[in-house]
Amino acid sequence: MCGIIGYIGSKNATPIVLEGLKKLEYRGYDSAGIASIDKDKMSILKCKGRIRELSNLVKKEHLTGSVGLGHTRWATHGEPSERNAHPHVSCSGKVAVVHNGIIENYASLRTLLEDEGHKFSSDTDTEIFAHLVEKFYHGNLLKAVHEALALVEGAYAFAVMCEDEPDKIVAARFGSPLVIGIGKKGEYLIASDPIAIVAHTRQVIYLADNEVVMLQTSGYRVTDRDNVEVEKEVENITWSLDKISKDGFSHYMLKEIFEQPQTIYDAMRGRLSKEKNDIRLGGLESHLKWLNKGEKKTTGLDALIKAKRIVIIACGTSWHAGLIGEYMFENVLHIPVEVEYASEARYRNFIVDKDTTVIAISQSGETADTLAAIKEAKTRGAITLGFVNTVGSSIARETHAGVYLHAGSEIGVASTKTFTSQVCILALITLLIGKKKRIIDDKRVNTITEALFNIPQQVEKILKKTNDIREIAKRYMDFNNFLYLGRGYNFPIALEGALKLKEISYIHAEGYPAAEMKHGPIALIDKNMPVVFIATDTEDQIYQKIISNIQEVKSREGQVIAIASEGNELIEKVSDAVITVPKTEDFLTPLLTVTPLQLFAYHMALLKGHDVDKPRNLAKSVTVE
Ligand code: F6R
């Protein structure tokens, strides 16, 4: 949802800004722009489209100057176009602004500014800010930014430059991430994500909400909204930038699907020990912490063990992982769980009391709704835990304790490998609590541990079927609607399979609990409606029930594509296409059944000629509401 970068130092800012923008492109890719100041003169280049279009433009224009801002956009207000691309400038053209977030009161501010004679040249909410800074500017950029911020409602990360103070960048954060990079010899950077600046420095400062920073080659100064100086901790980035390459794969998404044997293993590595029959999750070590309500409580694993109720908060694919967590925690541990869409939870009176522990699940760690819901849960006195992939992200920092997924950067916009890592972490926690509470005996812990360690090679086996899955996708690529049905642990997989198909193939698909079909969706079944059943063998009666659901579809001429257990001959007979997966413990089957559905969506999108890694209208990190 928009990526920001800024540079001030002694080098040419443009290549540094462009390089950073490439790393931020996952945040939005409908238009991009760059501004730099050289010899007290501001130059701006912007275009519709991707960073590569901007790079082409820059090659022609030869932009120089050692202070610069860049932006990659995911449209909120105003269509993707050159006119709406950032940076936006004030009437005089002297103030340039890049922004990530939404200014909610932009309409009233625009009217106010227009009444004062300001002329707007875009449809964006962001442009307001350039005009507001201009309105308040009387020779002090920092002061003008502070005064402008006082009028703005909504979420933002802003970075501002001014031709009259060409030696400064002023940036501010409320609700959208911003990190300051402290480079060598008077070099400073600002970005939405440290990955954009880590090539230049590992010394960073994470800006908190309501903080404003002024960067100059002589140093930086962080202030709060009242312009009072704030002492900030300089942190050292210890992670290394993953080699962001496709490693010979045609798309990041395919590479990430194929990485799953390794990423699932990495989620368990150093945490689950076969030899010692032990599970350790360092990030969940319990500490006594003061909570917002003035109480002292233990965080981490203790908060899960003692919880009378768990609320899981997430969005999209991470929400589907949360739903599997609910089934695991309730079935195995008998702890009541609710899984909330973060966007709903934050605006309703979701019940969180002192006996509730709240878990946020997020790949990016920056999803605005999830972050806001966690903040809300904290104000109500809850212990919060974050299961997050991105180290140092806002959710990781906001929660009391948590577990990192260790899945490495996920670049493909559709989440794949981080989903299986999330499910794996939830399985580890189930096992850990089950062991601690003596719900799962040692023998069973051994069996489950064995099963977990088998998962990577079982996924490997499924990945070998990619060509068969492609052939199935070919047979069904002209259908316009799909139904995905599953039960128990595989109901969330039906939702996830349908989401993957929707987001990258642009084919309408619905996920349902299989037995719900007869309460409505069955009316849709005819020869034009392929139904994907996740119908693996189970220890309970669910499998038999699913077979009946398949028969119901077949008797109405529906087309059945089944994800079934290896060796199941019956399913072969009743289905039009079958993809088999190895057998495992029931609660671990989602780790296997999701892979064929990821590949199915991938091949379908490719066959239809879509941009798999950057599907239309989507962005990787949803930092706006
Ligand atoms: C789907 C997808 C999205 C995200 C959702 C939450 O493939 O990627 O549905 O899962 O936007 O994002 P995170 O996990 O970063 O909070």
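Ala, Val, Leu, Ile, Met, Phe, Trp, Tyr, Cys and Pro are counted here as nonpolar, Asp, Glu, Lys and Arg as charged, and the others, Gly among them, as polar. The model is predicted: local features need pLDDT of at least 70, side-chain atom pairs need pLDDT 80 or more, and totals for chains, interfaces and linings use all residues. Residues are numbered from 1 along each chain as its sequence is written, and side-chain values use heavy atoms, without hydrogens and water.

**View 1. The second largest pocket, which holds the ligand.** The volume of the second largest pocket is about 620 Å³. Its lining has 26 residues, and those closest to the centre are Cys 315, Gly 316, Thr 317, Lys 620 and Val 622. Two or more lining residues come from each of helix 9, strand 21 (356-362), helix 11 (368-379) and helix 16. Helix 9 gives the largest share, four residues. By class, the lining of this pocket has 12 nonpolar, 11 polar and three charged residues. (On a 1 Å grid over the protein atoms alone, a pocket is an open set of points with protein on both sides within 12 Å along at least five of seven lines, and a cavity is a set where a 1.4 Å probe fits but cannot get out; lining residues have an atom within 4 Å of a point. Points are joined across faces, edges and corners, and a volume is the space filled by probe spheres set on them. A molecule sits in a pocket if more than half of its atoms lie within 2 Å of the grid points.)

**View 2. The shell of residues around the ligand.** There are 15 residues around the ligand, and Ser 318, Ser 362, Ser 364, Thr 367 and Glu 503 come nearest (a heavy atom within 4 Å). Helix 9 (316-333) and helix 16 (491-505) each contribute at least two residues to this shell (helices are DSSP runs of H or I with at least four residues, strands runs of E with at least two, numbered from the N terminus). The shell is made up of five nonpolar, eight polar and two charged residues.

**View 3. The largest cavity and its lining.** The count comes to one cavity of 30 Å³ or more, and the largest cavity has a volume of about 50 Å³. Its lining consists of Cys 2, Arg 73, Trp 74, Thr 76, His 86, His 99, Asn 100, Gly 101, Thr 124, Asp 125 and Thr 126. Strand 6 (residues 95-103) gives the most to this lining, with three residues. Two of the lining residues are nonpolar, seven polar and two charged.

**View 4. The cis peptide bond between His 86 and Pro 87.** Omega of this bond is about 0 degrees. Pro 87 belongs to the loop between strand 4 (67-73) and strand 5 (88-89).

**View 5. Asn 227, a residue other than glycine with positive phi.** Phi of Asn 227 is near 65 degrees. Asn 227 is placed in the loop between strand 13 (219-223) and strand 14 (235-236).
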